[in-house]
Amino acid sequence: MLRVCRPALGLLLLAIADLASPALAQQAPDTIATVRARGHLICGVSINAPGFALPDSRGVFRGLDVDSCRAVAAAVLGDANKVHFVPLTTQARFTALQSGEVDMLARNTTWTLAREAQLGLAFASINFYDGQGFMVKQSSGITSAKQLDGATICVLPGTTTERNLSDYFRSNNMRMTPVVIEQTEELRQAFISGRCDAYTNDASSLASFRASQGAAGEQYVLLPEIISKEPLGAVVRKGDWKWFDVVRWSHFAMVAAEEMGITSQNIDSFADSQSPDVQRFMGRSGDFGKALGLDNEWAVRIIRQVGNFGESWERNITPIGIPRGINALWTKGGLQYAPPIR
């Protein structure tokens, strides 16, 4: 029989308590409960990004990323309009999420290994498969990025865009001078005024900028080269995996609805569908809402109030001239694919 003297026993118990206390102190966050108690979702979005996040004439935010936030609000709060949008710069976005200033990001943010592994963040979905491109003025006569040797290039700091730009020129044995400005609008004005020969960003952002210029946008040309992979989507903090699930599956619900032909206009006609997939989607069978910490009509609310992914695309992205391309459903040759709800 092992005998332990009282002083040694006391030290042993203190050591066990010290080991256990951090685990007891660090309780897992509950963002769903926080959002419900607050009564609205706080979502970080881009500043002045037509097609993705931009207030309309009445001050109401519209865009593909905005719809990602509204879908989560519909699922969790029952009302897609219960969202407070916080426009964030590229340099402020991650800090805002890490600190809890926002509940989620839906801000043209590229999913990378470093961001997910080092920043304590998790990418929940991809709502836009993109790639980095270059824009020049038509009057420059430039038709290829390979003609930009020695050029000055407008680029946002603290982004994958800045690193990709450096990698592209180095790998092609070309020189360039970056013009680095944090505020997107100031950067665009620098390009417009001629401070730089070219403007580089995600191709979607470049198209969004050109669309915002109206008739004057015709003078800007998107060069054919796409120099990177830029999967863009919603981001949350690591640790609250229930919240991660809700944000992820809110996107998948929009994609799944498009696959099944369910829209905001016809969703009620699917109420008595005999399709097992539709029944599960509509909350008529299974208990999948409960697994997410929601009720079983969470997906129905998303589609009724926000629409399916195709509706969101047509409403927001088609008007700025970007084709579906690889963002089409997998059944139509694209990459948008929703795992089954079962």
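**Burial, sheet packing and salt bridges in the predicted model**

Phe-309 counts as buried, with a relative accessibility of 2% (buried, under 20% relative accessible area; exposed, over 50%; partly exposed, in between; 1.4 Å probe, protein chains only). The structure is a predicted model, in which local features need pLDDT of at least 70 and side-chain atom pairs count only at pLDDT 80 or more, while totals for chains, interfaces and linings use all residues. Residues are numbered from 1 along each chain as its sequence is written, and side-chain values use heavy atoms, with hydrogens and water left out.

Phe-309 belongs to helix H13 (residues 309-316); helices (H or I, at least four residues) and strands (E, at least two) are DSSP runs numbered from the N terminus. Leaving aside neighbours within four places in sequence, the contacts of Phe-309 include Leu-64, His-251, Glu-258 and Arg-324, where contact means heavy atoms within 4.5 Å.

Two of the residues in contact with Phe-309, Glu-258 and Arg-324, form a salt bridge in which the closest N and O atoms are 3.2 Å apart (a side-chain nitrogen of Lys or Arg within 4 Å of a carboxyl oxygen of Asp or Glu). Because Arg-324 lies in the segment after H13 and Glu-258 in helix H9 (residues 241-260), the pair ties together parts that are 66 residues apart in sequence. Arg-324 is buried at 17% relative accessibility, and Glu-258 is buried at 17%.

The whole structure contains 10 salt bridges. One of them joins the side chains of Asp-103 and Arg-38 at 2.7 Å, N to O. Asp-103 is buried at 2%, whereas Arg-38 is partly exposed at 30%. A network of salt bridges links Asp-56, Arg-58 and Arg-62.

Five strands form an open sheet of mixed pairing in the order E10-E9-E11-E8-E12, two strands being paired if DSSP finds at least two bridges between them. Strands E10 (176-180) and E12 (220-222) are at the edges, each pairing on one side only. Strand E8 (residues 132-137) pairs with E12 in the antiparallel sense over three bridges, and Met-135 stands opposite Leu-222 in E12.

Helix H8 lies across E8, E11 and E12 and runs at about 120° to E11; axes are lines fitted to C-alpha atoms, for helices over the stretch in contact, and angles run from 0 to 180 degrees between N-to-C directions. Seven of the 10 residues of H8 (residues 203-212) are buried, so this helix is largely enclosed by the rest of the structure.
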